[in-house]
Every structure is written in C-alpha cells, then in structure tokens.
Amino acid sequence: MADAQHPSKKKPKQPQRPRHVPQRTCIVCRQVRPKRELIRVVRTPAGHIELDPTGKKSGRGAYLCARRSCWEPALHQGRLEREFEMAIPAEDRLALEAYLDSLPPETAPAPAKKPARQRAKAPAAENGPSDK
Ligand SMILES: [Zn+2]
C-alpha cells in the first residue's frame, strides 16, 4: 500500500457536522444542551480544575448547566471530583464557589428546603406614644 507519509502533523479534529450546533451533556442533570449554554469546567494538565469560559483550554472537560441546582451537587456532592477522578484543589474550589455564588437564585418550584434566612427583626414598639 502506498500510504502517503504525512509528517506527524496534528490534525485538528473536525466536528462531524459543522453546521450542527454542538451538544453537550451536563454531568449533573444529564440534560443535553447546546454547548454554548453549558459551562465548561476543565481539568488542566497541571492538575487544576477550573472554569473555562472560552471552551478552549486544553484538558479534560466537563459541562454543567449555568444553574445552581447543577453546580451545588457538582461542588458539594463531589460530582465534579468523580467526573475528574481527583479532588478539587482548594484554590480552584474557591473560584468555582465564587462562580456558584454569582449564579442567580432559581425560581423553579423545587421541593428542596430553603435555607433559613435570617431576618433582622426591627424592634417594633420602640417609638412610644409621644405626646407632643
Ligand atoms: Zn445540568
């Protein structure tokens, strides 16, 4: 066989259907969504786990919906760690937690219990009847 000997050039992987919107699966809820609606988290070759807003970092990627209900299990129930088979380094966790914090609260009627919100109770009857 006369196989043309290409120099070992790295060929970028072509998406199979260029016009098709690439779809990814959220690792928590397993919903398939267009890739751009999902947040990519990457395990870098240096052993960090970080957000990848551009989707271009090298490393192993995992996708999550930009929703608290997906990020909370991802960070707090070890879903990301299972996905990447490593513990999230503390500094990376901070950055991911900060991202989780930036997500808007969800309005979906979730059966989950709400965190007890501390309400600063204003002392009511502080103003006595002032007779001027
Ligand atoms: Zn999800």
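In this predicted model, 3 bridges join strand β3 to strand β4, which comprises residues 49-51, and the two strands run antiparallel. The hairpin that they form has 5 residues between the strands, and within this hairpin Gly47 takes a positive phi near 85°.

Two of the residue pairs may be followed in the structure: Arg40 has Tyr63 as its bridge partner in β5, and Val41 has Ala62 as its bridge partner in β5. Taken together, these pairings give an open sheet of 3 strands in the order β4-β3-β5, with antiparallel pairing. Because β4 and β5 each have a single partner strand, they stand at the edges, and one side of each is left without a neighbour in the sheet. Neighbouring strands of this sheet are turned against each other by 30° on average, direction ignored.

The sheet may now be placed within the whole protein. The secondary structure comes to 3 helices and 5 strands, and from the N terminus on the elements run β-β-β-β-β-α-α-α. Of the 132 residues of the protein, 15% count as buried. Strand β3, residues 38-43, is mostly covered, for 5 of its 6 residues are buried.

Why does Val41 count as buried? A residue is called buried if 20 or more other C-beta atoms lie within 10 Å of its own; Val41 is buried because 27 other C-beta atoms lie within 10 Å. Leaving aside its neighbours within four places in sequence, Val41 is in contact with Ile49, Glu50, Leu51, Asp52, Gly61, Ala62, Leu64 and Leu80. The C-alpha atoms of Val41 and Gly59, which are 18 residues apart along the chain, are separated by 9.4 Å.

Attention now turns to helix α1, residues 68-76, whose buried residues are Cys70, Trp71 and Ala74. These residues lie on the same side of α1, because they cover an arc of only 95° around the axis. An α-helix has 3.6 residues a turn, so residues three or four places apart point the same way. What covers the buried residues of α1 includes β5 (60-65), α2 (79-84) and α3 (90-102). Just after α1, Gly78 takes a positive phi of about 75°.

In soluble globular proteins, nonpolar side chains tend to be buried together. The largest nonpolar core here has 16 residues, of which Cys26, Ile27, Tyr63, Leu64 and Ala74 touch the most other members. The elements that give two or more residues to this core are β3, β5 and α1. Leu64 shows how these parts meet: leaving aside neighbours within four places in sequence, Leu64 is in contact with Cys26, Ile27, Val28, Leu38, Ile39, Val41, Cys70, Trp71 and Ala74.

A final figure concerns contacts across the chain. Among the contacts in the protein with a separation of 6 or more, residues 24 or more positions apart account for 50%.

How values were computed: Residues numbered from 1 in each chain as written. Predicted model: local features only at pLDDT ≥ 70, side-chain atom pairs only at ≥ 80, totals over all residues. Buried ≥ 20, exposed ≤ 12 C-beta atoms within 10 Å, placed from the backbone. Helix = DSSP H or I, 4+ residues; strand = E, 2+ residues; numbered from the N terminus. Arc of directions from axis to C-beta. Contact = placed C-beta atoms within 7 Å. Pairing = 2+ DSSP bridges. Core = buried A, V, L, I, M, F, W, Y, C linked by C-beta atoms within 7 Å. Axes fitted to C-alpha atoms, helices over the stretch in contact; angles between N-to-C directions.
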